[in-house]
Amino acid sequence: KIVFDKIEVIIFEKKMKKKEVAEKMGISYGQFCAKMRGEYPFTLDEALRLKSVLQTDLSIEDLFGSAA
């Protein structure tokens with residue numbers, strides 16, 4: 001189960017692979033998937049790197065927040 005739906009959608013829309021995102025963030029694919037499932041939290045540094053990798057204008061709060 002993916003916890004961060006907005007991030008999944010952005011990755012899909014940008015035609016990126018999760019492995020590519022993880023590599024650009026400097027973490028392993030396994031770590032990225034575990035964090036996306038909510039098994040481990042993203043650090044602030046990782047969240048900022050993810051926002052940069054995805055080149056999104058969304059705030060960190062909007063990127064990681066649940067859909068209203």
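Student: What is the handedness of the crossing of H2 and H4?
Tutor: The crossing of H2 and H4 is right-handed. Keep in mind that this is a predicted model.

Student: How do the axes sit, then: at what angle do H2 and H4 cross?
Tutor: Roughly 120°, and the two axes come within 9 Å. That angle makes H2 oblique to H4, because the roughly perpendicular class covers 65 to 115 degrees.

Student: Which residues meet there, between H2 and H4?
Tutor: From H2, Val21, Lys24 and Met25. On the H4 side they meet Glu46, Arg49, Leu50, Val53 and Leu54. By class, this contact has five nonpolar and three charged residues, with no polar ones.

Student: Switching to the core. How many residues has the largest nonpolar core?
Tutor: It has 18 residues. Those with the most contacts inside it are Ile7, Val21, Phe32, Leu50 and Leu54.

Student: Which helices supply at least two residues of this core?
Tutor: H1 (5–13), H2 (18–25), H3 (29–36), H4 (44–54) and H5 (60–64) each do. H4 gives the most, with four residues.

Student: What does phenylalanine 32 touch?
Tutor: Setting aside residues up to four places away in sequence, Phe32 touches Ile11, Lys18, Val21, Ala22, Met25, Ile27, Phe42 and Leu50.

Student: Back to glutamate 46. Buried or exposed?
Tutor: Glutamate 46 is buried, because its relative accessibility is 9% and the cut-off for buried is under 20%. Its place is in helix H4.

Student: And what is glutamate 46 in contact with?
Tutor: Beyond its neighbours within four places in sequence, glutamate 46 contacts Met25, Ile27, Lys35 and Pro41.

Student: Lysine 35 is on that list. Where does lysine 35 lie?
Tutor: In helix H3. Lysine 35 counts as buried because its relative accessible area is 9%. With neighbours within four places in sequence left out, its contacts are Phe4, Ile27, Tyr40, Pro41, Phe42 and Glu46.

Student: What about cysteine 33, buried or exposed?
Tutor: Buried, with a relative accessible area of 13%. Cysteine 33 is found in helix H3.

Student: How far apart are cysteine 33 and aspartate 57 in space?
Tutor: They are 23 Å apart, C-alpha to C-alpha, and 24 residues apart in sequence.

Definitions and conventions. Residues numbered from 1 in each chain as written. Predicted model: local features only at pLDDT ≥ 70, side-chain atom pairs only at ≥ 80, totals over all residues. Heavy atoms only, no water. Core = buried A, V, L, I, M, F, W, Y, C linked by side-chain atoms within 4.5 Å. Buried < 20%, exposed > 50% of the residue type's maximum accessible area, 1.4 Å probe, protein only. Contact = heavy atoms within 4.5 Å. Axes fitted to C-alpha atoms, helices over the stretch in contact; angles between N-to-C directions. Parallel < 35°, antiparallel > 145°, perpendicular 65-115°, else oblique. Left-handed = near helix turned anticlockwise from the far one by under 90°. Nonpolar A, V, L, I, M, F, W, Y, C, P; charged D, E, K, R; others polar.
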